[in-house]
Amino acid sequence: MMVTTAPAAPAAPTSTAIPAAPPTGLRRHLGKPFQVVVVLAVWALVWLVTRGRDTLSLSPADLTPLHRWLNDVNDTVGANRNTSPIFLYFFNEIRAAIDALVTFIQGVISQPSFGRPVPVLGWLGVVAVVAYVSWVFANWRVALLAAGGFVFLGLQGLWQESMDTLALTVAAVAISLLFGIPLGIWAGLSDRFHRFVTPVLDFMQTMPTFVYLAPLTLLFLIGPASATIATLIYAMPPAIRITAHGIRSVPRSQIEATDSLGATGWQTLTGVLLPLSKRTIVLGVNQTIMAALSMVTIAALIDAPGLGKTVIKALQTLDVGTAFNAGLAIVVLAIVLDRVTTAASARVQQTTGRGGVRRLLVIGLGALAVVGCYLSYTYVWAAEFPGGAGLGSALARGADAVTTWAQDDLSTATEALKNIVTFALLNPFQALLTGSPWWLVGAVIGTLAALLGGLRAAVTTVVCVALLIGTGLWQDSMTTLAMTIVATLMVMVLGVVFGVWMGRNRHVDRIIRPILDAGQTMPAFVYLVPFLALFSASRFTAIVAAVVFAAPISIKIIADGVRGVSATTVEAATAAGSSTWQVITKVQLPMTRQSLTLAANQGLIYVLAMVVVGGLVGAGALGYDVVAGFSQGNLYGKGLAAGIAIVLLGIMLDRIAHAAAHRSGTTPFKRT
Amino acid sequence: MRLTFHIPARSGRIAGAVTAATIALTLTACGGAKVGESSGGSSAAAGDCGTFNLAVNPWVGYEADAAVVAYVAEKDLNCKVNKKDLKEEIAWQGFGTGEVDAVLENWGHDDLKKKYIDEQKTAVAAGSTGNTGVIGWYVPPWMAAKYPDITDWNNLNKYASMFKTSESGGKGQLLDGDPSYVTNDEALVKNLKLDFKVVYAGSETALIQAFRQAESKKTPLLGYFYEPQWFLSEVKLAKVTLPAYTAGCDADAEKVACDYPKYDLDKIVSKKFADANGPAYKLVKAFNWSNDDQNVVAKYIAEDKMSPEDAAKKWVDANPDKVKAWLAQS
């Protein structure tokens with residue numbers, strides 16, 4: 001769910017849907033909020049009478065039979081690992097193949113290999129190849145950015161770590177695309193497969209990684225294979241989803257025209273569908289890379305080499321500076337790869353073939369890159385990045401200074417902020433959710449789903465509520481739900497404020513966008529320590545961490561939406577004497593309602609992705625259950641159940657939002 | 001936006017420049033040392049020790065153990081040491097699959113012992129590390145100085161209101177930490193009738209940050225902590241005495257009303273590794289040092305920011321007798 005670039009095709013508003021509000025629609029919209037308020041009021045009243053009853057609470061150390069059973073399953077797998085033929089002939093083969101791939105890439109760019117004390121390609125070779133490839137597939141500007149970014153990694157003193165991370169990312173992305181694009185094409189062509197695969201992808205994207213790290217090492221052993229598979233479970237869904245979206249967006253008329261010419265299915269695919277959806281598919285590649293990079297730190301918990309290890313080690317000694325330096329390297333890698341693939345997707349549309357001169361340049365610069373590779377293969381100065389980590393330690397010192405300042409001078413004010421939000425908003429809301437009997441909450445959520453989304457959404461919601469009760473973690477789920485909703489509200493406030501500002505002003509956009517990219521790709525582990533200093537171990541800290549991660553995507557989507565409002569409409573409003581405030585509230589925001597819904601939906605999914613991180617800083621509830629399950633064998637089953645509960649919350653909220661958006665007249669959007 | 005390429009003449013010039021640059025670079029850059037020229041044959045000759053897969057669990061004390069054992073194994077026994085950064089549970093899993101040879105600092109974990117030593121028979125115990133693990137409730141030193149009687153659990157209720165936070169629902173907050181460690185705190189609070197609520201910080205990082213700030217800003221904090229731990233050399237936390245531990249008083253998790261036992265931290269190795277009885281196994285079995293020893297190395301790593309290798313070297317150079325004693329047994 002690391003949708004870094006907002007151009008995400010689905011976000012683009014469909015033309016300029018003039019909000020021709022017919023009177024009937026208007027009445028409906030006036031009625032619905034009223035009904036929602038009534039439901040909430042009834043809830044509060046019934047809560048007063050029934051609170052504390054049937055809350056299904058479970059203390060952190062207690063287990064249900066389901067949790068114990070899951071433990072037993074896990075143990076059985078472990079006990080049979082070395083004898084079962086499934087392992088000997090299936091998992092072991094997969095593992096060997098992936099291990100070989102990763103080790104090979106590492107040998108080329110990061111680790112001593114083939115009897116040499118250094119990798120095959122030194123820093124100069126890697127920079128030359130990256131710049132050349134960026135230029136060939138995109139343009140000279142991103143080529144310069146890529147070269148600069150990679151040199152920066154070296155100056156940070158993190159060359160080898162960065163290359164290890166790059167090697168693992170390349171392997172995971174390659175495998176993701178190898179399987180993801182064909183599956184995406186299938187999902188694009190077949191409605192049945194699309195229906196089948198969507199919940200599977202939801203599951204892959206919202207199931208916390210902590211839950212499946214330990215089982216993965218059981219299946220694929222400790223090593224690059226497990227780390228790669230953990231990464232691609234999270235990274236493959238965007239490739240499948242966006243490819244399917246691309247195929248589905250090809251106009252029907254185009255396909256029918258080809259069909260009428262008597263083309264075979266294969267010809268239609270290669271001649272029409274793929275060429276027309278190429279741009280979208282490259283965007284899928286982009287999202288896959290971003291998702292893979294967001295797994296770097298977590299994969300380090302099972303010995304994945306690279307920058308993640310540096311972050312985790314630094315965290316053990318609360319060394320914020322070192323963690324920040326390594327986190328920044330991940331951000332740099334992400335921004336470089338993002339800009340290169342985005343530029344490449346823009347290039348895909350242009351027709352190539354600028355004649356002989358370009359061909360000459362391709363050959364000439366290619367030769368230059370080869371020379372760079374040769375030099376870095378042969379000479380020490382081009383193989384090992386020269387100089388120490390001067391820049392890296394300066395950055396680390398800077399980050400340390402900021403953290404110290406925050407914890408000494410700022411924390412009194414921020415503690416007050418935390419207390420206000422917690423006591424005024426979070427505590428009452430949580431009391432309502434966790435203190436109500438389960439049947440009351442279930443009824444309220446079901447009714448709201450029916451009101452906002454219709455019957456289908458209501459049925460899905462009721463099923464999810466039933467399954468949540470089945471996990472045995474109802475009350476923890478409600479605590480997490482309260483935090484999730486508060487965080488999503490904050491995300492939307494930020495989204496509207498900054499989204500409108502960025503959408504109306506290109507300069508602001510250019511300044512803020514890299515900060516948003518950093519918010520999305522900087523590993524949360526890096527900023528946990530300063531946040532703990534500011535807000536202590538609390539639910540609010542978890543909320544803030546989630547907002548940092550989730551706000552960027554909402555801001556980007558809303559900014560795109562605001563920019564998509566046709567200039568003539570805005571000009572007309574201005575000419576009619578509207579003030580800036582009126583233009584924003586009466587024209588730009590109403591016309592971007594679809595973007596607002598998408599922003600809320602994506603913001604919410606991103607917030608849910610941070611539930612586990614929240615568990616590390618005092619959020620308790622489901623996040624803590626998952627973390628504890630990862631740490632203690634006898635809590636494994638409970639952690640798994642908590643992971644499933646997070647998935648259920650995600651699916652429930654997502655389906656309600658979808659149906660609501662669909663019903664409120666906007667065209668249905670696809671999640672990326 | 002490759003405007004350049006619209007004008008052939010200019011592009012031609014660029015192409016020429018590129019070619020010239022290529023040639024120039026090839027000719028001039030060929031100075032300097034070549035790869036592999038000066039490396040003084042440090043590889044090969046791994047002796048009969050072979051490869052030694054050492055799990056490194058994620059806390060600094062463990063890293064200190066691992067650093068010293070790895071240093072001695074490489075320098076004196078010529079082993080090829082593979083350190084693997086793993087959480088406990090995953091490290092133990094690795095015994096069966098042959099990915100892990102040794103775990104150096106095990107904190108109790110009777111559940112893991114039962115599963116991997118008794119049931120799966122993939123692991124065996126390899127004796128004590130000589131370190132004693134203490135778990136308990138701590139307050140920052142300024143509180144112990146200002147309220148001397150706070151370190152007795154009987155007086156905790158008297159101070160409960162001081163420990164209120166936004167998370168503790170009107171009661172005093174008892175901050176619990178890393179879920180990796182054993183905790184009976186919920187039962188303790190209930191059975192000792194304390195007016196406190198357990199709040200789960202969720203990580204060691206969160207706990208240390210909380211104590212660090214409580215001491216520097218002189219704010220109240222009661223939290224779960226443990227030693228040996230490098231942070232105690234930065235802030236000397238004061239331990240709260242709970243009703244004394246007696247054998248079996250923690251048998252029923254629901255009814256626990258006594259302090260945590262002292263843990264004899266021990267080493268666990270894979271069955272295969274033990275049966276092979278190689279030099280690395282003998283070293284692991286002989287490895288034994290005091291809490292002070294570990295704290296020194298942990299401090300080198302955590303506070304002096306030395307690399308584990310440098311920290312280990314510094315300690316080994318200063319303690320040749322101890323190292324010699326281990327090697328004599330192996």
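This is a predicted model: local features need pLDDT of at least 70, side-chain atom pairs count only at pLDDT 80 or more; totals for chains, interfaces and linings use all residues.
**View 1. Confidence along chain A.**
The average pLDDT of chain A is 84, and 92% of its residues reach a score of at least 70. Residues 1-27 of chain A stay under 50 in pLDDT. For this stretch the model has 56 contacts beyond four places in sequence. Residues 666-672 of chain A also have a pLDDT below 50. In the model, that stretch has 23 contacts beyond near neighbours in sequence.

**View 2. The side of chain B that touches chain A.**
Here 58 residues of chain B are in contact with 71 residues of chain A. On chain B, the elements that give two or more residues to this side are α1 (8-28), β2 (80-85), α3 (88-97), α4 (110-119), β6 (196-200) and α8 (204-217). Helix α1(B) gives the largest share, eleven residues. By class, this side of chain B divides into 27 nonpolar, 20 polar and eleven charged residues.

Chain B has 13 helices and nine strands. It consists of 330 residues, of which 45% count as buried. Taking contacts in chain B between residues at least 6 apart in sequence, 74% join residues at least 24 apart. The domain assignment divides out domain 1 (51-132 + 263-329) and domain 2 (133-255) of chain B. Their C-alpha centres lie 29 Å apart.

**View 3. Where domain 1 of chain B meets domain 2 of chain B.**
In this view, 17 residues of domain 1 of chain B are in contact with eleven residues of domain 2 of chain B. On the domain 1 side, two or more residues come from each of α2 (60-75), β4 (123-139), β9 (263-270) and α11 (291-302) of chain B. The largest share of that side, six residues, belongs to α11(B). The domain 1 side has seven nonpolar, seven polar and three charged residues.

**View 4. The largest nonpolar core.**
This core has 309 residues, and Ala545(A) and Val69(B) are those with the most contacts inside it. Helix α29 (residues 636-663) of chain A gives the most to the core, with 18 residues. Domain 1 (51-132 + 263-329) and domain 2 (133-255) of chain B both give residues to the core, so it lies between them. In soluble globular proteins, nonpolar side chains tend to be buried together. Leaving out residues up to four places away in sequence, Val69(B) touches Leu54(B), Leu104(B), Leu283(B), Val284(B) and Phe287(B).

**View 5. Helix α13 of chain A.**
Helix α13 (residues 307-316) of chain A has ten residues, and nine of them are buried, so the helix is largely enclosed by the rest of the structure. The buried residues of α13(A) are Leu307(A), Gly308(A), Lys309(A), Thr310(A), Val311(A), Lys313(A), Ala314(A), Leu315(A) and Gln316(A). Just after α13(A) comes Leu318(A), which takes a positive phi of about 55°.

Tyr212(A) sits in helix α8 (residues 209-220) of chain A. A residue is buried if 20 or more other C-beta atoms lie within 10 Å of its own. Tyr212(A) has 20 other C-beta atoms within 10 Å, so Tyr212(A) counts as buried. Between Tyr212(A) and Ala443(A) the separation is 231 residues in sequence and 33 Å in space, C-alpha to C-alpha.

Conventions:
Residues are numbered from 1 along each chain as its sequence is written. Chains are lettered from A and ligands numbered from 1 in the order in which they are written. Two residues are in contact if their C-beta atoms, placed from the backbone, lie within 7 Å. Helices (H or I, at least four residues) and strands (E, at least two) are DSSP runs, numbered from the N terminus. Ala, Val, Leu, Ile, Met, Phe, Trp, Tyr, Cys and Pro count as nonpolar, Asp, Glu, Lys and Arg as charged, and the others, Gly among them, as polar. A residue is buried if 20 or more other C-beta atoms lie within 10 Å of its own, exposed if 12 or fewer, and partly exposed in between; C-beta atoms are placed from the backbone. pLDDT is the predictor's confidence in each residue, from 0 to 100. Domain bounds come from an automatic or database domain assignment. A nonpolar core is a set of buried Ala, Val, Leu, Ile, Met, Phe, Trp, Tyr and Cys residues joined through C-beta atoms within 7 Å.
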